Amino acid sequence: MADTINLADHALMALSRPALHALRAALLRDVGPSAAVALQEAGYAGGGAVFESFRSWLRERGDGEPEELDVDTFQRRAAEYFQAMGWGTLEIGSLRDAVATVDSDDWGEADPSQALDQPGCHFTTGLLADFFGRLSDVPLAVLEVECRSAGAQRCRFLLGNGDVMRYLYDEMERGAVYETAIAKVE
């Protein structure tokens, strides 16, 4: 069973957390709010290589293909993979069967010292949209609703179809708490 990942063999490279934090801080400082879009696009562009790395990692472990795993096994293996890659621990769940959740109290993109006004793991939102979207029948959108970079105890990402996520975003823009808005999704 493979316990380590050879980054070069998986078409990946290492990037330190401080480098990613500095990149985000510089983009937010110099570009402003549109930095979020650039980081999301970069994350999304890299999602395919990360998913193929995950596929190879599963094969090396003898676990088969991602599409063949039951939901519980897929969630466990994805959590193990992201932790092995250095992103941090994560827990995958759902809220009211309306959206999937990805939670982490030590996510690599988050930097509590930045004290952002709003969630800031923009690269991750793009990455998770592509990664998990590869197993979905519809394109997925991701919205970070809690972030350690903005003072929360954890990072929480919501994953769902575009219509649901757009509704949640709009409701939150109007001041609704995401849990309340999700309760209204049918």
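Trp 87 counts as buried, because its relative accessibility is 15% (buried means under 20% relative accessible area, exposed over 50% and partly exposed in between, with a 1.4 Å probe and protein chains only). The model is predicted, so local features need pLDDT of at least 70 and side-chain atom pairs count only at pLDDT 80 or more, while totals for chains, interfaces and linings use all residues. Residues are numbered from 1 along each chain as its sequence is written, and side-chain values use heavy atoms, with hydrogens and water left out.

**Aromatic pairs**

- Trp 87 and Trp 107 form a stacked aromatic pair, with 5.4 Å from centre to centre and 20° between the planes; rings of Phe, Tyr and Trp (its six-membered ring) pair if their centres lie within 6.5 Å, and planes under 30 degrees apart count as stacked, over 60 as edge-to-face and the rest as tilted.
- Trp 87 lies in the loop between α3 and β1 (91–95) and Trp 107 in the loop between β2 (99–104) and α4, so the pair ties together parts that are 20 residues apart in sequence; helices (H or I, at least four residues) and strands (E, at least two) are DSSP runs, numbered from the N terminus.
- Trp 107 has a relative accessibility of 1% and therefore counts as buried.
- A search of the whole structure finds 15 aromatic pairs, and among them is the edge-to-face pair of Phe 74 and Phe 132, at 6.0 Å centre to centre and 80° between the planes.
- This pair links distant parts of the chain, since Phe 74 is in helix α3 (residues 71–84) and Phe 132 is in helix α4 (residues 122–133), 58 residues apart.
- Phe 74 counts as buried at 9% relative accessibility, and Phe 132 counts as buried at 10%.
- One aromatic cluster includes Phe 74, Trp 87, Trp 107 and Phe 132, together with residues such as Phe 51, Trp 57 and Tyr 81.

**Helices α1 and α2**

- The axes of helix α1 (residues 17–31) and helix α2 (residues 34–61) come within 8 Å and cross at roughly 140°; axes are lines fitted to C-alpha atoms, for helices over the stretch in contact, and angles run from 0 to 180 degrees between N-to-C directions.

**Val 138**

- Val 138 is placed in the loop between α4 and β3 (140–146), and at 41% relative accessibility Val 138 counts as partly exposed.
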